[in-house]
Structure formats: structure tokens, C-alpha cells
Amino acid sequence: MVYTFPPGFQWGVATASYQIEGAADARGVSVWDVFSQTPGRVLHGDTGAIACDHVHRFRDDIALMADLGVRHYRFSISWPRIIPEGRGAVNDAGLAFYGELVDTLLEFGITPHATLFHWDSPQALEAEYGSWRSRQMAQDYADYVTVVVKKLGDRITHWMTLNEIFCFTHIGYGVGHVPEMAPGTVVKTSKEVWQTSHHALLAHGLGCQAIRAASPQPCQVALVDNYLATVPLTDTPADIAAAQAAFPLTGTNGGILYPALTGEYNPQLLADLGKNAPDILPGDLATIHQPLDSLGFNVYTGVYVRAADNARGFESLPFPQSYPRMHMPWLHILPDSLYWGVRHISDTLQRPELRVFISENGCAAQDELTSAGEVLDLDRIQYLQQYLRSAHRAVQEGYPLMGYFLWTFMDNFEWAYGRDRRFGVTYVDFATQQRIPKASYHWYAHCIEENRVV
Ligand code: GBH
């Protein structure tokens, strides 16, 4: 089988500001600074204060990206680098940094795709009103977006509003336990958590409006979501119907993807939530439901579903202990999740016109530098090859999958796991900040060169 993609398929890599930038002293404090400085929150006490020192090394990093052959780069902009206190005074040096970054990308023939929020909320707003616990956060986010798009919209035409709303809300706030992500706030009820994701959805809606109002030229607006792909255990019509029935009912699908794309929380999910459903004010859903040019799908794993003799007609299957996974506890290898996740947008959610791109796909591996100075990450190559074949299947069957951003360009600050887990196709020696392309980097370069999975 030859896995050739159509001409124009977009090959890219993705990163996020807090995970790579460093230069913390040149921006406002984010909730991840405070969280990672709190003992016990991040493995080995790592923080993103230096990370990959990308702010000082971005020219070399972009040159290495250009060598890889990618023509598309997804990065995120740090809100506290633009507006240190979250609202009010703008840091011109922060805006200038992203201006130089974008100019350098364009010099190398790489199209910038900017995510306006990838989890690094300004700490000032957390201190002032509890950030995502308040509706005010959505308005302050939209004001920040206006500043960025006015300044950079002459050179950036691909915008993404917020990365993975479910994660920074439902894993940033916890009921009865300290959650794994910043701000790490313990709340009393699950309703309070749902309220934070509702506010983030409002930020998405107001952000879409702000981008379109501020952009000096036509632009593309996307939401990036890690919705859960329900994978039929077999390809029988009964199992496929079961996977489709299960798709809208998970929290991230029915509670994030559906309101953003259909203007309604999934009614069954709301019924299941009962008194824990968020308060929704008149007009909220119209604000949240904005026209989108495309949808970014962050996919790492999924869940198997099969038809069952119960009230709902399906069951979701737990992974057995020995199921193969990569170097994260949750990273079960399920390449079909990419295909089914793309297909569900068209067939299950009934949005066949909506273009999809893979905004993140990749994995952590136990990389080791050999004495010859190589990293032979054959397991990562195997993982990427299987997921890319799944992407090819979606394209082959006519689903509107436009591109693929590999997560991630280089090893970085992996949130609660700090520098302990490596997701890059470029190895970073954090003691020296030396970049060393791994075997997967060279393998991916070959795919891009040939426009097929090699
Ligand atoms: C992405 O999220 C992030 O966008 C990116 O910044 C990050 O570096 C990358 O993943 C790798 O982790 O422990 O069972 O509660 C991926 C989605 C959401 C998957 C949180 C794991 C925790 C599952 N992740 N989820 S669990």
C-alpha cells in the first residue's frame, strides 16, 4: 500500500508558549509559574522559567524546522507576555517578540498558525477574580485577542482561539482533590468546574468575534479540541452505530465540542449532569456558537465502544493492563482514533462541510542518547506511522482532513511531568540547550519530502 496524500496536504509541527519559551522575567506571571513553583505539583520541581529558552533561540529553532521541511507551524501566544497584568497595559516588547518570530517564519517559507491561549492564564486575573471561575475572564480574553490580532493580523491569517478547553478547566479545578493542572484549585462541586468550562466557551465565542473584527484581512478561525474519539470495536453496522451513539455523551464531546459547533450542550449530557450543569444565561449559547472555518483535533488516544444489550445500546470498554501504551499512563496506542475522530465530525455530528486538521498528534518515549550522539526513537516512529496511515484513510475516504501538526517539534516542559517526559522529534539536552534531531525527525522529514507515509 502506498500512502500518498493529495497535493496541498499541510505538514506541520506544533508547540505551546509556556512549554518552550522561557524568558519568564520578560513577561507577566502566569498560573503555571505559580503552580509549578508550588512544591509537589510538578515532577522534580521543574518549572517553565527557562524551558527550551526558545525566546532567545527562536531563529535557530525555525531554521531547524525549515530543514525538517514543514511549511506550517502551530505555536501559541502567551497572554501574560502581551498583557502582563491580564488586562490594561500592553508589553510592547512581548508583541515585538511575536512579530520577529512571525517575520522569521515567513522568511523561511513557513506559514504561522497561532493559538491565542494554551493554558498560561495571567496570574493577576487568577488573584483578582479567580480567572475562569468568573465570566469576566471571557471579556478580558477577547480584549487581549483584539490587541494581538490588530498588531499581527497583517502577517497571521490562521488563528486558533483556545487549546483544549476541557483540560485547563476540568483538570485545572478539582472536587475533593488537588487537580493535575494550573491553577490547581479545589472547588466544592462539579457544577463549579462546569461553570469554568462554560466561561471558557464564552471566551471562545467572544474571541472569534474579536478576531474577525480586528483582522485587517480575511482570516481562518478555528477551535482546537481534544474531543474523545469513540472507536467501534469492529466494523459491523451495530458497532459503528454504538460508537456514534456514544460520541456525544462524553464530557469533552457533549460539553465542549457540541456547544461550540451546534449551539447546544448535548441534552442527554445535561440531564446526566443534573444539578451540576452550569448556569447558562440567555444569549450565551448564541455567543458560543460562532461560525468556524475549521476544527483542530488534538488526538493521542481514544476509547473502544461496542454494541450492547443495555438501555443505551452500547458500552465503552476499559483498556486492559497490558494494552500497549507510550511513555504516559494515559497514552494507549489507538491509531484508529484519528480516523474515527475525523469521521465523527462529518457523519455523527453532521458537519460534513467543516474542515478538520490534526492540531496535535505525537507521543512521549523513553529516548536515550547513544554514544554516537543519536536518538533511535523507533517506538515513536512506529506510533507516528500508524496514526498517519489512519489520517491517510480519512483523506482517502473523502473526509475533509486538511493537515497534520506533529506534537511536538522539540522536547519541552511537559506540564505536571516537567522535563521528565519527552514528546519531541528533536532531542533537547536541557543542560546545554543543544538540539539534536532524533531518528523520528529524519523519518518525518522523509514523509514530508515524499508527501506520503514512508
Ligand atoms: C496535549 O493534551 C496538550 O495540548 C499539550 O500541551 C501536551 O504537551 C500534550 O498533550 C502531551 O501531554 O491523566 O487520565 O486525567 C493532550 C490531552 C489531556 C491527555 C489530559 C491526557 C489526562 C488524562 N491530554 N489527559 S488523565
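Colleague: Which residues does Glu360 contact, leaving aside its neighbours within four places in sequence?
Modeller: Contact here needs heavy atoms within 4.5 Å. With neighbours within four places in sequence set aside, Glu360 is in contact with Arg74, His118, Asn163, Glu164, Phe297, Asn298, Val299, Tyr300, Phe405 and Trp407.

Colleague: What pLDDT must side-chain atom pairs reach to count?
Modeller: Residues are numbered from 1 along each chain as its sequence is written, and side-chain values use heavy atoms, without hydrogens or water. This is a predicted model, in which totals for chains, interfaces and linings use all residues, local features need pLDDT of at least 70, and side-chain atom pairs need pLDDT 80 or more.

Colleague: Where is Glu360 placed, and is Glu360 buried or exposed?
Modeller: Glu360 sits in strand E13 (residues 355-361). Strands (E, at least two residues) and helices (H or I, at least four) are DSSP runs, numbered from the N terminus. Buried means under 20% relative accessible area, exposed over 50%, partly exposed in between (1.4 Å probe, protein chains only). With a relative accessible area of 4%, Glu360 is buried.

Colleague: With which side chain does the side chain of Glu360 make a polar contact?
Modeller: A polar contact takes N or O atoms within 3.5 Å; within protein, one must be able to donate a hydrogen and the other to accept it, and residues adjacent in sequence count only through side-chain atoms on both sides. For the Glu360 side chain, the pair lies at 3.0 Å, and the partner is the side chain of Arg74.

Colleague: Which residues does UniProt list for "active site", and why do they gather at one spot?
Modeller: The unreviewed UniProt entry lists Glu164 and Glu360. Such positions follow the numbering used here, with shortened feature names, and annotations may be inferred rather than shown by experiment. The listed residues span 197 residues in sequence, yet no two of their C-alpha atoms are more than 10.7 Å apart, so they gather at one spot. The names in the record are Glu164 and Glu360.

Colleague: Which residues does Glu164 contact, leaving aside neighbours within four places in sequence?
Modeller: Glu164 lies in the loop between E5 and helix H8 (165-170). Glu164 counts as buried, at 7% relative accessibility. Beyond four places in sequence, its contacts are Trp119, Val224, Asn226, Asn298 and Glu360.

Colleague: How many bridges join strand E3 to E4?
Modeller: Strand E4 (residues 111-115) has 4 of its 5 residues buried, so the rest of the structure largely encloses E4. Two strands pair if DSSP finds at least two bridges between them. On one side, E4 runs parallel to E5 (residues 158-163) with 3 bridges, and Thr115 stands opposite Met160. Strand E3 (residues 72-76) also runs parallel to E4, and Arg74 has His113 as its bridge partner; the number of bridges from E3 to E4 is 5.

Colleague: With which side chains does the side chain of Asp61 make polar contacts?
Modeller: Asp61 belongs to helix H3 (residues 54-68) and is buried, at 1% relative accessible area. Not counting residues up to four places away, Asp61 touches His54, Phe409, Met410 and Arg435. The side-chain polar contacts are 2.8 Å to His54 and 2.9 Å to Arg435.

Colleague: Which residue just after H11 takes a positive phi?
Modeller: Helix H11 (residues 251-262) is mostly covered, with 11 of its 12 residues buried. Among them are Asn253, Ile256, Tyr258 and Leu261. Just after H11, a positive phi of about 85° is taken by Gly263.
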